[in-house]
Amino acid sequence: MLFPSLRGVWRALALPGIGILWLASSAWAGECNCAGTNERDDSKKSWTLNLQFESMNMGTLLQGSTAVDPNQVILQALGTPGRRSFSVPTNMIMQRSTLRARYRIDEENSVILSIPFSVSNQMDMRMGMNPMPMAKPAGMGMGMPAMPAAGPTFRDMTMSPINQLGDIVLTVQSDLFSDEWGNRLSVAGGIKFPTGDSQVRTAQGTLVHAMMQPGTGSLDFMVGLFGRAYLGGGPDGKTWSLEPGLSYQINGTNNLGYRFGNRLGYDIALGCRLGESFTVTTALNGIVTGRDSQNGTLDPQTGKTAYQNPAASLVDNVENTGGSFLYVAPGFQWKLGDDVTLRAHHRIPLSRSVNGTQIVTDGWTTVNLSVGF
Ligand SMILES: [Cu+2]
C-alpha cells in the first residue's frame, strides 16, 4: 500500500468531480481502437471471469463537427478533375465479444488476460461514379448533336462482414491505495499483441479498410489510472460513488507501415445505489484519438500504398482519421450474487469532432457479466 492515509486526499480530489476519469471499457478501431485495461470487479476471489459484449452503431458522417449528407460528400469528391468514382460509408456496425480472465496474485496485484474472441465489423457504402467520357462514334463529325450532360450515378453496396479473433491484451494492475470501505486507486499497464488479422482482403484482393480490420497488426502499449470513491449516503456511506479513470494507448506501426493514432480515454462515472444490489450509473466518457499514419509501405499484393486509396475512398485516407468524442452513458450495475455482477450502459454522443470527414458512432452499448470463483 503506497498511500496508507490517502482516503481523505482521495475524497477531496474526487468530490469536486474534477477527477480524472475511469478507464474506458474496451473499445476498438477509430475512436474505438483501444483495448480494455479496465477491471472493476470487486471480487476478492483469486479468479474472475468476465464476458463482455459491445456494439457500436455508426451512421452519421461528420465533416469536422458538422453532419453532412453522403451524396454531398461524394459529389464534392467527384468534382475533382480526373476522378472516376468515390465511395463513402453510410452505415457501420462494430461488435465485439471479449472474455477476460483475471488472476489475483495478492491483495493488490492482478494479471488480466483479455481475449476479444469475436470482432465483427460490417459496413454499407455508397459509391458515386462520374459518367464515362463519351468516345466519339466513328464517322461522325463535329456537327453531332450534343448529348444531354449526364450527372454522376450512385450505387449502394454492403461489404462482406468480418467476424474474427481480435488483439489479445495482457494487463497488470496494481492498487496504489485501497481501504476496507472499498475506496481504491489503481494503475494498470498493458500490452496488446497482434493476434487479430490486420490483412483481411476483399474478394478482389485489396486490403479491407484499416478501420475494419479485426486487429491492428502492431504491438501496442497502454497505461491507465482509475479508482473508486464512496461519497456517502445510506447506513454504510456507500449510496453514492464516483469512478474516475484515465488511460493512454501508444500504438506501434504494423508491417504494412500503418499506425493507428494514439488514444486518450478519460471518464467519470457517478453511481447511486438503490437497495441492496442495484446501482444506477451515469458516466461521461471522453476519447481523443490522434491521426493515423502510413509511412508509404506498399502492399506487396497490389503494389499500392497499403490501406490507402484517397482518390476513390473516403475511409482509405489517413487524413480522415482521429478526433475527439464525448459521450454520456446511462447504465446500471446489478449484483446477482456475492461474486456475480451484471453491468450495462449505453453511450450517447454529446459532442464529436473529427479530422476531415468520418463516419462516427451514434450509439454504443456495452453489457458485461463477471463471475468470481
Ligand atoms: Cu467499405
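This is a chat about a predicted model of one protein chain.

Biologist: So what are we looking at, and how many helices and strands are there?

Modeller: It's a predicted model, and the protein chain has 2 helices and 17 strands.

Biologist: How much of the chain is buried?

Modeller: Buried residues make up 40% of the 373 residues.

Biologist: And what share of the contacts join residues at least 24 apart in sequence?

Modeller: If you take contacts between residues at least 6 apart in sequence, 69% of them join residues at least 24 apart.

Biologist: Okay, tell me about the largest nonpolar core. How many residues does it have?

Modeller: The largest nonpolar core has 36 residues. Those with the most contacts inside it are Met58, Val88, Met92, Tyr258, Ala306, Tyr307 and Ile359. Strand E3, residues 85-104, gives this core its largest share, with 4 residues.

Biologist: Let's pick Tyr258. Which residues does it touch, leaving out those up to four places away in sequence?

Modeller: With those left out, Tyr258 touches Ala210, Thr253, Asp292, Gln294, Ala306 and Tyr307.

Biologist: Switching to helices. Which residues of helix H2 are buried?

Modeller: H2 covers residues 70-78, and Pro70, Ile74 and Ala77 are buried there. They sit on the same side of H2, because they cover an arc of only 65° around the axis.

Biologist: What covers those buried residues?

Modeller: The cover includes strand E1 (47-63), E3 and strand E4 (109-129).

Biologist: E3 and E4 again! How do those two pair, parallel or antiparallel?

Modeller: E3 and E4 are antiparallel, with 18 bridges between them. A hairpin of 4 residues joins E3 to E4.

Biologist: Which other strands does E4 pair with?

Modeller: Strands E5, E6 and E7 are among them. E4 and E5 (residues 153-158) run antiparallel and are joined by 6 bridges. Here, Met127 stands opposite Arg155 in E5.

Biologist: And E6?

Modeller: Strand E6 is residues 162-164, and it pairs with E4 in the antiparallel sense over 3 bridges. Ser120 stands opposite Asn163 in E6.

Biologist: That leaves E7. How many bridges does it share with E4?

Modeller: E4 and E7 pair over 6 bridges, in the antiparallel sense. Leu113 has Leu170 in E7 as its bridge partner.

Biologist: I clicked on Ser178. Where is that?

Modeller: Ser178 is in strand E7, which covers residues 169-178.

Biologist: Why does Ser178 count as partly exposed?

Modeller: Because Ser178 has 19 C-beta neighbours inside 10 Å, and a residue needs 20 or more to be buried.

Biologist: What does Ser178 touch, again skipping residues up to four places away in sequence?

Modeller: Ser178 touches Asn183 and Arg184.

Biologist: Last one, Asp267. Which strand is it in, and is it buried or exposed?

Modeller: Asp267 lies in strand E12, residues 263-274. Asp267 counts as buried because it has 25 C-beta neighbours inside 10 Å.

Biologist: How far is Asp267 from Leu284?

Modeller: They're 17 residues apart in sequence and 5.5 Å apart in space, going C-alpha to C-alpha.

Terms used
Residues are numbered from 1 along each chain as its sequence is written. This is a predicted model: local features need pLDDT of at least 70, side-chain atom pairs count only at pLDDT 80 or more; totals for chains, interfaces and linings use all residues. A residue is buried if 20 or more other C-beta atoms lie within 10 Å of its own, exposed if 12 or fewer, and partly exposed in between; C-beta atoms are placed from the backbone. Two residues are in contact if their C-beta atoms, placed from the backbone, lie within 7 Å. A nonpolar core is a set of buried Ala, Val, Leu, Ile, Met, Phe, Trp, Tyr and Cys residues joined through C-beta atoms within 7 Å. The arc is that of the directions from the helix axis to the C-beta atoms. Two strands pair if DSSP finds at least two bridges between them.
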